[in-house]
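My entries follow in the order I made them.

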Amino acid sequence: MFVDKSMTKRVITIKPETSLIEARALMDEHSIRHLPVTDDTNTLVGIVTDRDLRSATPSILLDDFDSARERDRLSRISARDIMSKTPAVLKPMHTIQDALLIIQQRKVGALPVVDENNKLKGILSVRDLMRAFTNVLGIGEPGTLLGILVEEKVGQLKRIVDAITEENISFGSVLVARHWDASKRAVFPYLLTNNVARIKKKLIGLGYTLIDPMEWHLDRLPKDE
């Protein structure tokens, strides 16, 4: 799935000369935390985040933010003074998997999407990614997540899929956790039914060990991931 299918296309932007007070007001009005900064040709020149604003203007969090003196001081600070001038960006043909990796590596909450001429085309936030993956995984529909422990060898996933398909049960998605132990993986099929007693019994009969999906948690991941 390409990011241009999941990104927000109607982007709230600011100019380099926009004051911090105006930027803060836009974030509050639209409940957003990232403001791409563009010039008069819609070329991306930077980005201002909620964190940038809080770092540059700690008085926003204090009682004197509304004082005339403080507001006058903040009105003389502009976006160009605090924006990140070389933000990480995406191209429209990047996939949502690409976006997920870049967001994880760069530790950012959103990525502007630009074309080959650096013209702003949209923005993809963590919220957009979550919505995209919710659709891909089918977890927006009622169903049941199973956890199946399998030996690390070829053909196991097909065997499970065949067993479930033979029961005329539809899949929402299937995830495979690489990190369980040296010789096993955990397979998590999301089934679009709540009636799973029969398929559970069948999988056990095939020699599989069923686990509570909640037993798989993030601390099973290697520390560098």
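Predicted model: local features only at pLDDT ≥ 70, side-chain atom pairs only at ≥ 80, totals over all residues.

Residues are numbered from 1 along each chain as its sequence is written, and side-chain values use heavy atoms, with hydrogens and water left out.

**Entry: salt bridges**

I found nine salt bridges in the structure. I took Arg24 and Asp28 to begin with: their side chains meet at 3.4 Å, N to O. Both residues sit in helix α1, four residues apart, about one turn of the helix. For helices (H or I, at least four residues) and strands (E, at least two) I used DSSP runs, numbered from the N terminus.

Next I checked Arg54, which forms a salt bridge with Asp50; the closest N and O atoms are 2.8 Å apart. This pair lies in helix α2, residues 50-56, again with a spacing of four residues, about one turn. I then noted that Arg24, Asp28, Asp50 and Arg54 are linked in a network of salt bridges.

How accessible are these residues? I call a residue buried under 20% relative accessible area, exposed over 50%, and partly exposed in between (1.4 Å probe, protein chains only). Arg24 counts as buried because its relative accessibility is 11%. Asp50, at 13%, is buried too. Arg54 is partly exposed at 37%.

**Entry: α7 against α8**

I looked up the salt bridge between Lys202 and Glu166, 2.8 Å from N to O. The pair links distant parts of the chain: Lys202 is in helix α8, Glu166 in helix α7, and 36 residues separate them. Is Glu166 buried or exposed? Glu166 is exposed, because its relative accessible area is 59%. Lys202 is partly exposed at 24%.

I then took the helices themselves. Helix α7 (residues 156-166) and helix α8 (residues 197-205) pack at about 145°, with axes 10 Å apart. Ile160, Ala163, Ile164 and Glu166 of α7 make the contact with Ile199, Lys202 and Leu203 of α8. Contact here means heavy atoms within 4.5 Å. Axes are lines fitted to C-alpha atoms, for helices over the stretch in contact, and angles run from 0 to 180 degrees between N-to-C directions.

I placed Val45 in strand β2, residues 44-49. Val45 counts as partly exposed because its relative accessibility is 25%. Which residues touch Val45, leaving aside neighbours within four places in sequence? I listed Pro16, Val37, Thr38, Asp39, Met83, Ser84 and Lys85. Pro87 is 42 residues from Val45 in sequence and 8.7 Å away in space, C-alpha to C-alpha.

I found Ser6 in the segment before α1 (20-30). Ser6 is buried, with a relative accessible area of 8%. Not counting residues up to four places away in sequence, Ser6 touches Met1, Ile96, Leu124, Asp128, Arg131 and Ala132.

**Entry: whole chain**

I counted eight helices and nine strands. Of the 225 residues, 39% count as buried. Residues 24 or more positions apart account for 64% of the chain's contacts with a separation of 6 or more.

Methods: Salt bridge = Lys/Arg side-chain N within 4 Å of Asp/Glu carboxyl O.
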